[in-house]
Amino acid sequence: MTILDITTALCLTAGCFLGITGGFGIYRLPDFYTRLHASSVTDSACAFLILFGLMLQSGFTLATVKLCFIFFFLVLSSTTATHALAKTARSRGLEPLLGREDKR
Amino acid sequence: MNWVGHYNYWGAIFLMMSGFYVVISRGNLIKKLIGLNIFSTSVFLLYITMGKIKGATAPILTEASQLTASPQIYSNPLPHVLILTAIVVGVATTAVGLALTVRINERYGTIEEDEIRAKDDSL
Amino acid sequence: MIHLPIAQVIIPLLAAPLCLLFRSKHVAWTIALCATWLSFGVSILLAIHVTTVGPLSYNIGGWPAPWGISYYIDALNAFVLLIVSGMSALVLPYAKKSVEIEIDDPSQPYFYSLLLICITGLLGIAATGDAFNMYVFLELSSLSSYALIGMGPRRRALTAAYQYLIMGTIGATFILIGIGLLYSLTGTLNIHDLALQLRVNDILSSENRTLLTAFAFLTVGLSLKLALFPLHLWLPNAYTYAPSVVTIFLAATATKVAIYMLLRFCFGVIGNGTVFQMTLGKIILIPALAAILVASIVAIFQYDIKRMLAYSSIAQIGYMILGISFATTTGLTAGILHMFNHALMKGLLFMVMGAVSYRVGSVYINDFRGLGRKMPWTMSAFVIGGLSLMGVPMTAGFISKWYLVKAALENGWWDVIILILLGSLLAVVYIWRVVETAFFNPSHEHEEEESGEAPLSLLIPMWSLVIANIYFGIDTSLPLGLAQQATAILMGAN
Amino acid sequence: METTIDIVLLTFLCITAIAIIYIRKLFCGIMLLGIFSLLSACLFVTMDAVDVAFTEAAVGTGISTILLLGAMGQTNAHEKRPPYQPLIALLVVLVTGSVLVYGTMDLPVFGTPDAPIHLHVAPRYIQQSPIEVGPPNMVTSVLASYRGFDTLGETAVIFTAGIALVALLGSSQKKRPPCASPPQPATLHDHLILRIVGKMFIPLILLFALYVQFHGDYGPGGGFQAGVIFASGIILYSLIFGLNTAMRVVSPKALRLLGSLGVLLFGGVGLLCIALGGNFLDYNTLAARPVDGQHLGIFLIELGVGTTVFAIMVMMFYAFSLRGRNTS
């Protein structure tokens, strides 16, 4: 059990935890915009932690380069997707539920 | 406990049957196609299950495997090839089915089987 | 010469994309015509080769049989290839005029391309010696026929095509499961190797549950494809609403090819005289008899004549399956022979329907009033086709019915013989209905528009089938010889 | 470990399937189908079928979903409750399922190395294909060489689907009254972020497609997957910059041409082999050394497959979106 392994384990555990939190959030949070927050947790921190954990294991190989590519792709695509979702929801007239006193 | 080893087949069979159920019990034309997709994907699962060997790797020769002394076990590549073809057939069928659905919707104004039948009978 | 088996399939396959390269419908039609006649020529050469020299095998890619895909042409394959390519060669000259009024101009190249692919698929099934390759080509032919049916002029063509697509795909998936289970038992996909491995590994003699299931799935899947009685629901609509040309072609060939697959798997793979086959024969006997009776009775009550003929097709498929279910030499010969004869007569009858709808616009029974005088050639072709369907001596239909009765006699199944004759009697009833309307009922007075005889390009293919129907009713040596050879191969497979 | 992942994925798949049965919103159903495909792709990876997983992910989650959504957008997004109790359906399914379970009783246990299918034909593929054919990826050698004819059939199938779609959906376009000014299609043109990110992504997607096309010998991939990915690049382009722009980049006419040419290239290689004295698709004849010939042959037919698949996939997308625009 080297220090690398321990770091990997920590990263993966944290990533998994965040992933589960994200899923739980999507299920429990009340409206679209808050759920968007939950899903972006999964998209960003969770994915990053898991990828980083895996990179530590693969060392300086082609696999790491590929993981880097995935990371790069995720950073771009997930942020853009979230943006597109939010924008579409807004332009279709979906009102946020939280913060409106009459609904709560 | 010989039969427990078949769990993977049974999982595939359960999925197959749920797809089959959707196809024959639902009246919505798109839903039927969704069911058909599940049905065929699960058949693919059945094939791939047959080709798997425990402890084997994907049937791609790597340099690392050539260096080791012990001969590497590979899973059977033939089912993979068959399923690659079958996936293509599946998506082709789905596409044609959807094209028909779109046309039916244009001519009948609905994609529910019973409503279509009612419109045909009323003529 | 050695490349004949592959040429058979590859000519129409490559002609299909060629059709699309040129926008013109005339060019597309010409390409399709050339391709079908070429492949018809190839199939004749193949039949000659098979009868004189013997079976022909061809390793695609140069890989020997169980590893690569190989084509294997014996008498049965050659016979089916002859039916399919012969019918397609007759249908294409017919298609030109008929398609012109039923399909709009920009779609015509696509139509011919799809038709060629459908032909390719059916030829591919009949030529290949590889179970999975069979599945691929089965899907190729089915996929194109869904689209072809959906191109029919009325809106119900779409629902018919959709229904066919769903049932056909379920059938194909069942076949895929069956092939997969067979593969898992033997490790091979080549049909002859399958038969060999089943014997070598002693799977046949033991009551192997997987083998039983594999055949159950293959049989049900193929029954869906060949429209055996309770699974026939897609057929009447598909045949009724498809464009005339497609109906002619599919009615004459598609179900026959599915029957060929059934024969290949049930006799070619598991061999003759096994327990499986006996059970299978008994199981498919009931739906076959039910098909003959029920479908014939339903046919009597149809007003749309195309639909009537579609139901009659289901009944005729019943005859073929009946012959197979005897599992005797005579029975099989009868079944295989009826594949050929039914292609001749149903092709002819649907060609008449195409000509009528070309001139009159629809094929309801009322539209047939007085047609006997207006379109004498067309309607007399109908009469001859009808006679052949009933099984009157001197027509092709008689020969297969005769062999069927003979097979039943050998088994001593008197009740079956009575049912066969009853089926013929019912055919008399529904054919007579049309003949009576056409020849003895006066036409509508108010209808003054001149609907004369069908154009020559429709009449010539039609009358070549008339001649074939009579010729093969008198000189039976060609189909009977091939059918007997095929039977000998199937029965001697063990 | 493998078994655990396997069981977990199977459980997920079962849950998804049950959800699809119950859910009535078609949109959710389609999305769940995408998830189903992705999960089964993962399962394929655990069962060593990487090529299959790749294709399933590209087709099941990508193209199928796009096509289904395209069709749904033009029809109804909600499924009505069936008017009858589907008891018969349930019965049929139960009978079929139990027959299948009965049939698996005599199958070899999952994962045993001495099952018949591992003993008879496959060993030659595994042992000889690197020598006889060349590519380290055995799936590619079986797909393109040993069973190359199946692949030709597969290419023909996809070609058929494409022309069937055009024949069915493109036929009655002329009957519609031409609009004086083409209505502005709903694109994401005003979305700055999407446009910029899209511009960054599309070249990468196309590059990746080419990598998959030419790397298929060494890793998972090949003509089919490459074609699908290339097509998805174009589809993304048309989503962002509008259908009209995309159709100026890749016109439907060019697609029809490419689709036909791909099949013809494949068949042409086969015919060339005959001309050079071999059997149909016998690549050994293509070069002096058999292995070189195999290499060249596989390269060419993969190119044919890729071209056709790319053309037909984009063609299908165009057919659906043009139809949608005309009806709306």
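How far apart are the nearest C-alpha atoms of chain A and chain C? They are 34 Å apart, and the two chains do not touch. This is a predicted model.

**Which chains touch**

**Chains B and C**
- Here 22 residues of chain C contact 26 residues of chain B.
- Two elements of chain C give two or more residues each to this side: helix H5 (131-150) and helix H6 (156-186).
- H6(C) gives the most, with 14 residues.
- By class, the chain C side splits into 13 nonpolar, 6 polar and 3 charged residues.

**Helix pair H16 and H17 in chain C**
- Helix H16 of chain C spans residues 396-411, and helix H17 of chain C spans residues 414-440.
- Their axes come within 9 Å and cross at roughly 160°.
- Angles over 145 degrees count as roughly antiparallel, so H16(C) and H17(C) are roughly antiparallel to each other.
- The crossing of H16(C) and H17(C) is left-handed.
- H16(C) contributes Lys401(C), Leu404(C), Val405(C), Ala408(C) and Leu409(C) to the contact.
- These meet Val416(C), Ile417(C), Ile420(C) and Ser424(C) of H17(C).
- The contact residues of the two helices comprise 7 nonpolar, 1 polar and 1 charged.

**Strand pair S1 and S2 in chain C**
- Strand S1 of chain C (residues 56-59) runs antiparallel to S2(C), and 4 bridges join them.
- One of the bridge pairs is Ser57(C) with Tyr72(C), the latter in S2(C).
- In a regular strand, side chains alternate between the two faces of the sheet.
- In strand S2 of chain C (residues 70-73), Ser70(C) and Tyr72(C) point one way.
- Tyr71(C) and Ile73(C) point the other way.
- All of these S2(C) residues are buried, whichever way they point.

Note on methods. Residues are numbered from 1 along each chain as its sequence is written. Chains are lettered from A and ligands numbered from 1 in the order in which they are written. This is a predicted model: local features need pLDDT of at least 70, side-chain atom pairs count only at pLDDT 80 or more; totals for chains, interfaces and linings use all residues. Axes are lines fitted to C-alpha atoms, for helices over the stretch in contact, and angles run from 0 to 180 degrees between N-to-C directions. Angles under 35 degrees count as roughly parallel, over 145 as roughly antiparallel, 65 to 115 as roughly perpendicular and the rest as oblique. A crossing is left-handed if the near helix is turned anticlockwise from the far one by less than a right angle, and right-handed if clockwise. Two residues are in contact if their C-beta atoms, placed from the backbone, lie within 7 Å. Ala, Val, Leu, Ile, Met, Phe, Trp, Tyr, Cys and Pro count as nonpolar, Asp, Glu, Lys and Arg as charged, and the others, Gly among them, as polar. A residue is buried if 20 or more other C-beta atoms lie within 10 Å of its own, exposed if 12 or fewer, and partly exposed in between; C-beta atoms are placed from the backbone. Two strands pair if DSSP finds at least two bridges between them.
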